[in-house]
Amino acid sequence: MFVPRPETELLAGWGISVIRPGAVVVDLCSGSGAIALAVANEAPGARVYAVERSPSALAWLRRNAGARAAAADPPIEVVEGDATDPAVLAELDGTVDLVLCNPPYVPAGVAVPVDVADHDPAEAVFAGPDGLSVIRPVLARAAALLRPGGFFGVEHDDTHGVAVPDLLRADGRFIDIDDHRDLAGRPRYATASRMADCTA
Ligand SMILES: C[S@@+](CC[C@H](N)C(=O)[O-])C[C@H]1O[C@@H](n2cnc3c(N)ncnc32)[C@H](O)[C@@H]1O
């Protein structure tokens, strides 16, 4: 199972900063649930859905989500499925306040550090020849899930600080598109809002 990385705290922190109490939040490609749990623990009353498809990651996600199930806040809803599948959480389409995603994003064939190569599953790390094969459909899924004015944040490879904002612009359903650096100064995550006056 993928080991959560410190830079993802920045994406989670951004998400927590933009929502109000009781928000509906979806964490796509949730892995062990690091983002979902951060939001559920820090945002009072948030209703958090965590989508993951890997059986080994799901086992940890269920365990971690279950560990806080006794809390007064709504439990995290774990959803087994493909984060890019329009049928997954389709019942929430148009209602979600925040979608966050730390997907696989390393271009296939790129050499990765030995700890990644030896311990992280390839399906958690690599995403097609350009590293964007999961982010592309995730953007479309986020646009469908979000309510008008809802927020989207997605982590990306440090070579994609222009490509991911360009994909968000090309989609046509996002505004306030921005890119953010990590603590090492590298482009790390893009954010946007769902356009309000748009029926797509
Ligand atoms: C980079 S890891 C991030 C995990 C977690 N979000 C975090 O920040 O620690 C990507 C995760 O996405 C999952 N994944 C990859 N493709 C997916 C898909 N199409 N649908 C659902 N999960 C997917 C992998 O199994 C892996 O757990």
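The sulfur of Cys29 lies 4.0 Å from the closest cysteine sulfur, in Cys101, and that is too far for a bond. A disulfide is a covalent bond between the sulfur atoms of two cysteines. Here the term needs a pair of cysteine sulfur atoms within 2.5 Å. The structure holds 0 disulfides. Cys29 counts as buried, at 19% relative accessibility. Cys101 is buried too, with a relative accessible area of 0%. Buried means under 20% relative accessible area, exposed means over 50%, and partly exposed is in between (1.4 Å probe, protein chains only).

This is a predicted model: local features need pLDDT of at least 70, side-chain atom pairs count only at pLDDT 80 or more, and totals for chains, interfaces and linings use all residues. Residues are numbered from 1 along each chain as its sequence is written, and side-chain values use heavy atoms, leaving out hydrogens and water.

Now the sheet. It is open and has 7 strands, in the order E3-E2-E1-E4-E5-E7-E6, with mixed pairing. Strands (E, at least two residues) and helices (H or I, at least four) are DSSP runs, numbered from the N terminus. Two strands pair if DSSP finds at least two bridges between them. Strand E3 (77-80) and strand E6 (174-181) are the edges, and each pairs on one side only. From one strand to the next, the twist averages 15 degrees. E6 pairs with strand E7 (residues 187-194) in the antiparallel sense, over 6 bridges. Asp179 has Ala190 in E7 as its bridge partner.

H2 touches strand E1 (24-28), strand E2 (47-52) and strand E4 (96-101), and its direction makes about 175 degrees with that of E2. Such angles run from 0 to 180 degrees between N-to-C directions, and axes are lines fitted to C-alpha atoms, for helices over the stretch in contact. Helix H3 (residues 55-67) touches E2 and E3, and its direction makes about 170 degrees with that of E3. Contact means heavy atoms within 4.5 Å.

H2 (residues 34-42) also packs against helix H1 (residues 8-18), at an angle of about 40 degrees, with their axes 10 Å apart. Which residues meet? Thr8, Leu11, Ala12 and Ile16 in H1 meet Ile35, Ala38, Val39 and Glu42 in H2.

Is Ser32 buried or exposed? Ser32 is buried, with a relative accessible area of 10%. Not counting residues up to four places away in sequence, Ser32 touches Met1, Pro4, Leu37, Trp60, Leu61 and Asn64.
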